[in-house]
Amino acid sequence: MALLALAVTPVALAASGSPRLEAFFQSALQSADYQQKVYTRVAGKWRQPGAKGTPALGKKTVVQALIGRDGKLVSASVTTESGSKAWDAAALEAVKKAAPFPPLPKSYPLPTLDAHFHVSWVAGP
């Protein structure tokens with residue numbers, strides 16, 4: 001799986017920690033451009049829950065998504081919980097709201113793409 005990562009840091013919370021989104025894609029997907037487009041769409045839909053919804057430092061939510069050839073979201077579910085229901089729900093919501101995604105590249109050989117989105121709470125920037 002390929003990895004894309006970016007720390008999305010709200011200034012007010014940067015002192016104690018910040019959210020980090022990482023995306024992992026099936027290795028059959030060779031298009032870095034497509035990976036970046038999907039990642040950017042999910043990152044743009046991320047809405048951090050209030051301070052009470054933040055998980056413990058180092059904890060993360062993993063959302064597994066299945067994207068169809070046409071870019072539609074076939075399924076999305078939380079496969080790893082962070083310990084904060086609000087954080088888990090926000091991560092799942094970001095993936096769902098980012099859909100539909102661009103159609104899969106013509107060079108991609110499979111009918112669906114498996115993508116994992118990790119949203120973690122990490123120490124400062």
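Student: Hi! What should I know about the model and its numbering before we start?

Tutor: Residues are numbered from 1 along each chain as its sequence is written, and side-chain values use heavy atoms, with hydrogens and water left out. The model is predicted, so to speak of local features we need pLDDT of at least 70, while side-chain atom pairs count only at pLDDT 80 or more, and totals for chains, interfaces and linings use all residues.

Student: Great. How many helices and strands does the chain have?

Tutor: Two helices and five strands. Helices (H or I, at least four residues) and strands (E, at least two) are DSSP runs, numbered from the N terminus.

Student: And what pattern do they follow along the sequence?

Tutor: The pattern reads β-β-α-β-β-α-β.

Student: What share of the chain is buried?

Tutor: Of its 125 residues, 44% count as buried. Buried means under 20% relative accessible area, exposed over 50%, and partly exposed in between (1.4 Å probe, protein chains only).

Student: On to the helices. How are two packed helices described?

Tutor: By the angle between their axes and the distance between the axes. Here, the axes of H1 (residues 32-45) and H2 (residues 85-98) come within 8 Å and cross at roughly 125°. Axes are lines fitted to C-alpha atoms, for helices over the stretch in contact, and angles run from 0 to 180 degrees between N-to-C directions.

Student: What would you call that arrangement of H1 and H2?

Tutor: H1 and H2 are oblique to each other. Angles under 35 degrees count as roughly parallel, over 145 as roughly antiparallel, 65 to 115 as roughly perpendicular and the rest as oblique.

Student: Which residues meet there?

Tutor: From H1, Arg41, Val42 and Lys45 meet Ala94, Val95, Lys97 and Ala98 of H2. By class, this contact of H1 with H2 has four nonpolar, no polar and three charged residues. For those classes, Ala, Val, Leu, Ile, Met, Phe, Trp, Tyr, Cys and Pro count as nonpolar, Asp, Glu, Lys and Arg as charged, and the others, Gly among them, as polar.

Student: Where does Ser82 sit, and what does its side chain pair with?

Tutor: Ser82 is in the loop between strand E4 (73-80) and H2. The side chains of Ser82 and Asp88 are joined by a polar contact of 2.8 Å. A polar contact is a pair of N or O atoms within 3.5 Å; within protein, one must be able to donate a hydrogen and the other to accept it, and residues adjacent in sequence count only if both atoms are side-chain atoms.

Student: Is Ser82 buried or exposed?

Tutor: Ser82 counts as buried, at 5% relative accessibility.

Student: Last one: which peptide bond is cis?

Tutor: The one from Ala99 to Pro100, with omega near 0°. Pro100 lies in the loop between H2 and strand E5 (112-122). As background, most peptide bonds are trans.

Definitions and conventions. Contact means heavy atoms within 4.5 Å.
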